[in-house]
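Welcome, and please load the model in your viewer. We will begin with the whole chain and then select one part after another.

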Amino acid sequence: MPSDGLFNVAIVLARALVRFGPRSRDELLAACGLGVDGVDPKHLTQTLNRWTELGLFATEDKLVSLREPHRTALGKNPDIAESRLPKVLRTIALAPENNLRFFEAEENKSADLNRGLSWILAQDIYTIDTSSHARIEALEGSQVADKAKRMLQNDTRWNGLRTWMIYLGFARSGSPVTIDPTLALRESLDEIFGTEQSLAATLFVDRIAEVLPVLDGGSYRKRIEDLLKGSTWARPPADTLSTALSRAIRRLGHEGVIATEQRSDTEEGVTLVGAEQRPWLRMTHVRRIAARKGK
């Protein structure tokens with residue numbers, strides 16, 4: 001929601017703290033344009049307040065700073081920090097402590113975002129119409145019987161989800177927006193693989209669910225799937241991934257970031273699907289491909 005802050009304002013605040021270091025609240029807001037014509041002071045204060053509550057910023061001895069480990073993750077160069085910020089904000093938004101009141105309307109921190117992400121990433125990305133809020137609301141209404149738990153009942157909520165899911169790497173901009181978590185998955189490979197270079201496909205998917213719990217098998221995703229009516233939403237068959245996660249894995253394969261392998265017809269594996277639920281491939285293992293020097 002706009003009252004929760006805007007991502008472009010979060011970028012400005014983070015860049016200022018990386019460049020100048022801890023500052024008093026007044027100094028920080030002034031450095032980010034408070035008092036300048038055309039700058040809405042509410043956007044600055046609301047974004048600072050929300051992301052302080054979520055854990056990006058900290059206030060100590062009347063100075064605002066970036067909280068660790070996020071300060072270290074962002075680094076000391078503002079341009080590099082800006083490129084790393086989506087991953088940092090995604091990690092914060094997905095954190096369990098910011099999703100404790102998952103279905104509550106008030107004081108739910110980032111749970112409303114993750115409910116929306118979980119729902120839209122569970123859809124068939126080849127048939128969902130994201131061109132208007134009316135179509136999104138109609139689809140959600142057909143799937144979620146409990147009106148108190150619907151997520152996108154007005155334009156403001158849909159526009160907020162659309163904006164943030166693009167910035168956080170779960171969709172691509174355009175008209176209409178394209179559901180695609182490739183960027184979020186690509187930026188999570190270090191956490192997914194750890195020190196290993198190859199994972200069994202089922203373990204790979206389990207690790208994805210841990211790091212990105214709005215995707216297949218994730219704790220937030222399961223809670224939303226349990227709300228959806230079987231008559232209007234088709235749960236993927238066992239060992240078959242959603243179209244959204246299938247797209248992301250296949251794109252990373254085409255990019256040469258990972259390699260999907262079927263080492264045996266008898267080993268446990270998972271199936272990627274495309275449009276009309278057509279099987280793309282079955283994989284029993286996923287191997288990470290080391291980046292070439294200079295890239």
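Colour the chain by accessibility to start: buried residues make up 46% of its 295 residues. Here buried means under 20% relative accessible area, exposed means over 50%, and partly exposed is in between, using a 1.4 Å probe and protein chains only. Before going further, note that this is a predicted model, in which local features need pLDDT of at least 70 and side-chain atom pairs count only at pLDDT 80 or more, while totals for chains, interfaces and linings use all residues. Residues are numbered from 1 along each chain as its sequence is written, and side-chain values use heavy atoms, with hydrogens and water left out.

**The whole chain**

Switch to a cartoon view, and you can look for 13 helices and ten strands. These are DSSP runs numbered from the N terminus, with helices being H or I of at least four residues and strands being E of at least two. The radius of gyration is 20 Å, close to the 19 Å of the globule rule for 295 residues, so the chain is as compact as a globular protein of that length. That radius is taken over C-alpha atoms, and the rule is 2.2 Å times the number of residues to the power 0.38. Along the principal axes, the C-alpha atoms fill a box of roughly 65 × 50 × 35 Å.

Now show the surface. Its accessible area comes to about 14,700 Å², and 49% of this belongs to carbon and sulfur atoms. Such areas come from the Shrake-Rupley method with a 1.4 Å probe; for residues, only the protein chains shown count as cover.

Next, colour by charge to find 41 positive and 39 negative side chains, with the centres of the two sets 3 Å apart. Lys and Arg count as positive and Asp and Glu as negative, while His and the chain ends are not counted. Each charge is placed at NZ of Lys, CZ of Arg, CG of Asp or CD of Glu.

A contact means heavy atoms within 4.5 Å.

**An open sheet of three strands**

Select β1, β2 and β3. They form an open sheet in the order β1-β3-β2, with antiparallel pairing. Two strands pair if DSSP finds at least two bridges between them. At the edges are β1 (23-24) and β2 (57-60), each pairing on one side only. Four bridges link β2 to β3 (residues 63-66) in the antiparallel sense, and F57 stands opposite L66 in β3.

Stay here and zoom in on the loop between β2 and β3, where you will find D61 and K62. Most residues other than glycine have a negative phi, and most peptide bonds are trans. D61, though not a glycine, has a positive phi of about 55°, and K62, also not a glycine, has one of about 65°. Are these two buried or exposed? D61 is exposed, at 69% relative accessible area, and K62 is exposed too, at 74%.

**Two cis peptide bonds**

Move on to P69, in the loop between β3 and α4 (70-74). A cis peptide bond joins E68 to P69, with omega about 5°. Then jump to P176, in the loop between β4 (171-172) and β5 (178-179). The bond from S175 to P176 is cis as well, with omega near 0°.

**A buried isoleucine**

Select I192 in helix α10 (residues 189-193). I192 counts as buried because its relative accessibility is 0%. Apart from neighbours within four places in sequence, I192 is in contact with L185, L199, F204, R207, I208 and V211.

**Strands towards the end of the numbering**

Select β10 (residues 285-288), which runs antiparallel to β6 (residues 198-200) and is joined to β6 by three bridges. S198 has R287 of β10 as its bridge partner. β10 also pairs with β7 (residues 258-261), antiparallel and over four bridges; here E261 is partnered by H285.

For the last stop, pick β8 (residues 270-273) and β9 (residues 279-283), which run antiparallel and are joined by four bridges. V270 has M283 in β9 as its bridge partner. β8 and β9 form a hairpin with five residues between them, and E276 in the turn has a positive phi of about 60°.
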